[in-house]
Amino acid sequence: MHNMIREMGEMVIREEYGNNRIWLPKEVPDLLKGKLITEKVESLCIPKGYNFEDDPVNYSNIFKRMQSLQVLIIGDGTFSSECAITYLPSSLLFIEWQGYPSISLPESFEPSELVVLHLERSRLVELWPISKKLSNLKYLDLGESLGLTKTPNFGDMPNLETLNLNGCENLEEVHPSLGHCRMLTDLNLHGCHKLKKLPKFVAMESLEFLSLYKCTSLEEFPEIFGDMRRLSIL
């Protein structure tokens, strides 16, 4: 998109929605310092490598005040790897957080409305410490999360369409429920070097793309039950 058209669109959005959408770097400090009405913020974008001031900020307390937040986009390298995220608003529909700094998502976060979860290059060891229902989740990207050793239960994600585990080099275990993901169209396990086996593909009739490239420890191809007539890239 041409820069002038983009800037015009941003001006229209700002005039119509005021401070409901925060994406300009100059506005982020005002938000964090409480100078903006956080309860009305629906969309927040903090750009990659944004340089926070030296004063420590309790990000979880800020998120607690953003009960209308639906879209959260945070660029890689924005938060310290020592920053623990203990709260996210359950109103979220879309999360893109490259380099997510905690070992799991907050236990208090209820993701029933979540549609997109993009946590590439995260520090995740597990998605949640307890089981969570993600009834609306369609897109899950945990690519290059080097601490991840096992996947969540995909039975909690009945509408999942895209699963990206590309570059999860220490992934050893895939939950058996993966083979029952009827809506899954894209499955990327590229570079999962430690993965030794996959569950039986029992009901994966929607699958179109499957990458097992560089899965060098995989002992055998998964058994396939039923039809996979849509598979076009292997």
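Searching the whole structure turns up 1 cavity of 30 Å³ or more. A cavity here is a set of points, on a 1 Å grid over the protein atoms alone, where a 1.4 Å probe fits but cannot get out. This is a predicted model, in which local features need pLDDT of at least 70, side-chain atom pairs count only at pLDDT 80 or more, and totals for chains, interfaces and linings use all residues. Residues are numbered from 1 along each chain as its sequence is written, and side-chain values use heavy atoms, with hydrogens and water left out.

The largest cavity holds about 40 Å³ of space, the volume being the space filled by probe spheres set on the points, which are joined across faces, edges and corners. Its lining, meaning residues with an atom within 4 Å of a point, consists of L32, L44, I46, Y59, I62, F63, I74 and F79. Two or more lining residues come from each of β2 (43–46) and α3 (59–64). Helices (H or I, at least four residues) and strands (E, at least two) are DSSP runs, numbered from the N terminus.

Which element gives the most to this lining? That is α3, with 3 residues.

Now the strands. β2 and β3 pair in the parallel sense over 4 bridges; pairing requires at least two DSSP bridges between two strands. In that pair, I46 stands opposite I74, and both residues also line the largest cavity. On β3 (residues 71–74), L72 and I74 form the covered face, while V71 and I73 form the uncovered one. In a regular strand, side chains alternate between the two faces of the sheet. β3 also runs parallel to β4 (residues 94–97), joined by 4 bridges, and there L72 stands opposite I95.

Notes. 1 Å grid on protein atoms, 1.4 Å probe; cavity = no way out; pocket = protein on both sides within 12 Å on 5 of 7 lines; lining within 4 Å. Buried < 20%, exposed > 50% of the residue type's maximum accessible area, 1.4 Å probe, protein only.
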